[in-house]
Amino acid sequence: MTIDHDQLIRSVQKILPKEDTLDHISTLFKILGDKTRAKILYALFQSELRVYDIVSVLEMSQSSISHQLRVLKQAKLVKSRKEGKEVYYSLADNHVINIFSQVIAHVNEH
């Protein structure tokens with residue numbers, strides 16, 4: 001079977017995402033590439049948690065955790081809800097849950 005490589009190249013070029021989409025993808029992977037943020041996401045993958053809970057689980061300072069949560073929230077990877085004086089954090093939506101599930105499954109395969 002003969003492959004028309006020029007046609008193949010054109011068809012792949014047509015489906016490549018736009019530059020701004022690629023920028024968002026790249027930024028998302030940079031955010032996910034931080035070990036502390038990965039730990040926070042993994043903890044939130046298990047359960048909705050307060051900042052204090054995350055501080056205790058990760059044994060890190062509150063200011064460090066709060067900073068990382070801000071980054072994750074700005075990237076729309078986590079969301080928060082207030083209950084009285086407490087703020088609870090969780091993964092933002094099923095997309096984040098699915099991405100994280102797939103990453104965990106992939107890493108555990110090897």
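## Stop 1: a salt bridge across the chain

Select Glu48, which counts as partly exposed because its relative accessibility is 31%, between the 20% limit for buried and the 50% limit for exposed. Keep in mind that this is a predicted model.

The side chains of Glu48 and Arg81 form a salt bridge, with N and O 2.8 Å apart. Is Arg81 buried, partly exposed or exposed? Arg81 counts as partly exposed, because its relative accessibility is 35%.

## Stop 2: Arg50 and its partners

Select Arg50, which is partly exposed with a relative accessible area of 22%. Show Asp53 as well: Arg50 and Asp53 form a salt bridge whose closest N and O atoms are 2.7 Å apart.

Then show Glu86, whose side chain meets that of Arg50 in a salt bridge of 3.5 Å, N to O. Here too distant parts of the chain are linked, since Glu86 is in strand β3 (residues 86-91) and Arg50 is in strand β1, 36 residues away. Glu86 counts as partly exposed because its relative accessibility is 33%.

How many salt bridges does the count come to? It comes to four.

## Stop 3: helix α3

Select residues 35-46, which make up helix α3. Its 12 residues reach 17 Å from the first C-alpha to the last, close to the expected 16 Å.

Colour Thr36, Arg37, Ile40, Leu41, Ala43 and Leu44, the buried residues of α3. Look down the helix axis: the buried residues fall within an arc of 160°, so they line one face of α3. An α-helix has 3.6 residues a turn, so residues three or four places apart point the same way. On the face of α3 turned away from the buried side, find the exposed residues Lys35 and Gln46.

Next, select Asp34, which caps the N-terminal end of α3. One of its side-chain oxygens lies 3.0 Å from the backbone nitrogen of Thr36.

## Stop 4: a nonpolar patch

Finally, select Met1, Ile3, Leu8, Val12, Ile15 and Leu16 and show the surface. Together these residues make a nonpolar surface patch of about 720 Å². Leu8 lies in helix α1 (residues 5-15) and counts as partly exposed because its relative accessibility is 43%.

Technical notes: Residues are numbered from 1 along each chain as its sequence is written. This is a predicted model: local features need pLDDT of at least 70, side-chain atom pairs count only at pLDDT 80 or more; totals for chains, interfaces and linings use all residues. Side-chain values use heavy atoms; hydrogens and water are left out. Patches are made of residues with over 30% relative accessible area and no salt bridge: like charges are joined within 9 Å, nonpolar side chains (Val, Leu, Ile, Met, Phe, Trp, Tyr) within 5 Å. Accessible areas come from the Shrake-Rupley method with a 1.4 Å probe; for residues, only the protein chains shown count as cover. Helices (H or I, at least four residues) and strands (E, at least two) are DSSP runs, numbered from the N terminus. Buried means under 20% relative accessible area, exposed over 50%, partly exposed in between (1.4 Å probe, protein chains only). The expected span of a helix is 1.5 Å times one less than its number of residues. The arc is that of the directions from the helix axis to the C-beta atoms. A polar contact is a pair of N or O atoms within 3.5 Å; within protein, one must be able to donate a hydrogen and the other to accept it, and residues adjacent in sequence count only if both atoms are side-chain atoms.
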